Amino acid sequence: MSGESDCTRTSPSAGSPSDNELLPDRPKYVCTLSPDLVTKAREELQEKPEWRLRDVQALRDMVCKDYPSLGTCLDDAFLLRFLRARKFDYDRALQLLVNYHTCRRTWPEVFSNLKPSAIKPVLESGFVTVLPHRDPQGRHVVCIRPDRWTPSNYPITENIRAIYLTLEKLIQSEETQVNGIVILADYKGVSLSKASHFGPFVAKKVIGILQDGFPIRIKAVNIINEPRIFKGIFAIIKPFLKEKIANRFFLHGCDLNSLHQNIPPVILPEEYGGTAGKLDISAWNELLLASEEDFLYDFSELVLPCDSSPHELLVSGDADEKQCDDSLRGMKPQLYYCY
C-alpha cells in the first residue's frame with residue numbers, strides 16, 4: 001500500500017489507458033446510507049450523491065500531487081471519511097488526512113503495533129466500551145471509565161491506544177461518519193495520582209488527534225461523577241480545545257437527571273439510571289477483538305513524507321514537550337487545590 005504506487009495507479013496522467021488496465025481495481029464504493037441519512041449528509045455535510053465520487057477523486061488527486069509519499073490508503077471509502085469530517089472542503093480534508101498520518105508516525109508509544117490483541121488487558125478492564133444502543137440521533141455512545149485503570153498495570157498510553165482503536169472501528173460505519181458519536185466519561189473514583197498521569201503534554205496530543213487528526217464528529221462529551229479534582233483536569237484540557245468542542249462538554253456531577261437530558265435512559269445501563277440492563281463490556285470487546293485483520297497495516301512504520309513541514313505536525317517535538325512540562329509544573333498546585 002505505498003502512496004507512490006497508489007498515486008501512479010490513480011493519476012489521470014500516469015500511463016496510457018492500456019497500462020492502467022493492467023493494474024488491479026480498488027474496491028468499488030457502494031453507499032450504505034439510508035435515504036434519511038443521504039438527506040442528512042446533504043444538509044449537514046454538503047455531500048451530494050451525484051458528485052460524491054468526483055469529490056473523492058479530487059481529494060485523491062490532491063494527495064498524489066502534494067503528498068506523493070504519504071503512503072496512505074486511497075480507496076474511495078477511506079477518503080470519504082475525511083471529506084465527510086470536513087464537510088467536503090477539499091483543502092481541510094487533505095490537511096486532516098495528513099494530520100492523521102502525522103499523528104500516527106510521531107507517537108510510537110501509542111501507534112506502534114496498534115491492534116486489538118495488543119490492548120486486550122485494557123478492554124478486559126472495562127476502561128472503554130461502546131453502549132449497545134445508539135441514541136435518538138443515531139450516534140454511538142462511547143463509555144470511558146478511568147476508575148477501571150490501575151496505573152501500576154500499564155501506562156496511560158495503553159488507554160489511549162484502546163480509545164483510538166475503538167474510534168477506528170466505529171468510523172468504519174458510514175452511519176457513524178454522518179451522525180458522529182457521543183462520549184460518556186465517568187470520573188467516579190479518579191484520584192490525584194491518576195490525574196497526574198494526564199499532564200499537558202499528553203493532553204495536547206490527545207486533543208490534537210481528536211480535533212484535527214481523526215475523521216470523526218464528536219457531537220457531545222458528557223462528564224459524570226466528576227470529583228473536585230476534575231476542575232484541575234479540565235483546566236489542563238481547555239486551552240487546547242476549540243470553542244466549538246469546548247461548548248459540547250457537559251458536566252453533570254452526580255445528577256443523573258441532568259445526564260438523561262442529553263442521553264435518554266432507554267439506552268443507558270442501570271449504573272447510570274438507565275433501563276438497558278447492566279453495563280456489559282463483553283459484546284464490544286468481542287467485536288473489536290474479532291477485527292484484528294482490520295488493523296494489520298502499521299502506518300506508524302512508514303517514513304514521514306519529506307514535504308511535511310514542522311508547522312504541519314500536530315505533535316511537535318522537544319520544544320513543545322518542554323513547554324508542556326513547564327505547564328504541568330505550573331498546573332500541579334491547582335490540581336492539589338482542587339483535590
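Predicted model: local features only at pLDDT ≥ 70, side-chain atom pairs only at ≥ 80, totals over all residues.
Which side chains meet in a salt bridge at 2.6 Å, N to O, with Arg-52 as one partner? Glu-47 is the partner of Arg-52, and both residues are buried (under 20% relative accessible area; exposed is over 50%, partly exposed lies in between, with a 1.4 Å probe and protein chains only). A salt bridge here is a side-chain nitrogen of Lys or Arg within 4 Å of a carboxyl oxygen of Asp or Glu.

Residues are numbered from 1 along each chain as its sequence is written, and side-chain values use heavy atoms, leaving out hydrogens and water.

The whole structure holds 16 salt bridges, including these:

| Pair | N to O distance |
|---|---|
| Arg-52 and Glu-47 | 2.6 Å |
| Arg-161 and Glu-158 | 3.2 Å |
| Lys-242 and Asp-212 | 2.6 Å |

Arg-161 and Glu-158 sit 3 residues apart in helix α9 (residues 156–170), so about one helical turn separates them. Arg-161 is buried at 4% relative accessible area, and Glu-158 is buried too, at 17%. Helices are DSSP runs of H or I with at least four residues, strands are runs of E with at least two, and both are numbered from the N terminus.

Now the sheet: it's open, with 5 strands in the order β1-β2-β3-β4-β5 and mixed pairing (two strands pair if DSSP finds at least two bridges between them). β1 (128–130) and β5 (249–251) are at the edges with a single partner strand each, so one side of each lacks a neighbour in the sheet. Strands β3 (residues 181–186) and β4 (residues 218–224) pair in the parallel sense over 6 bridges.
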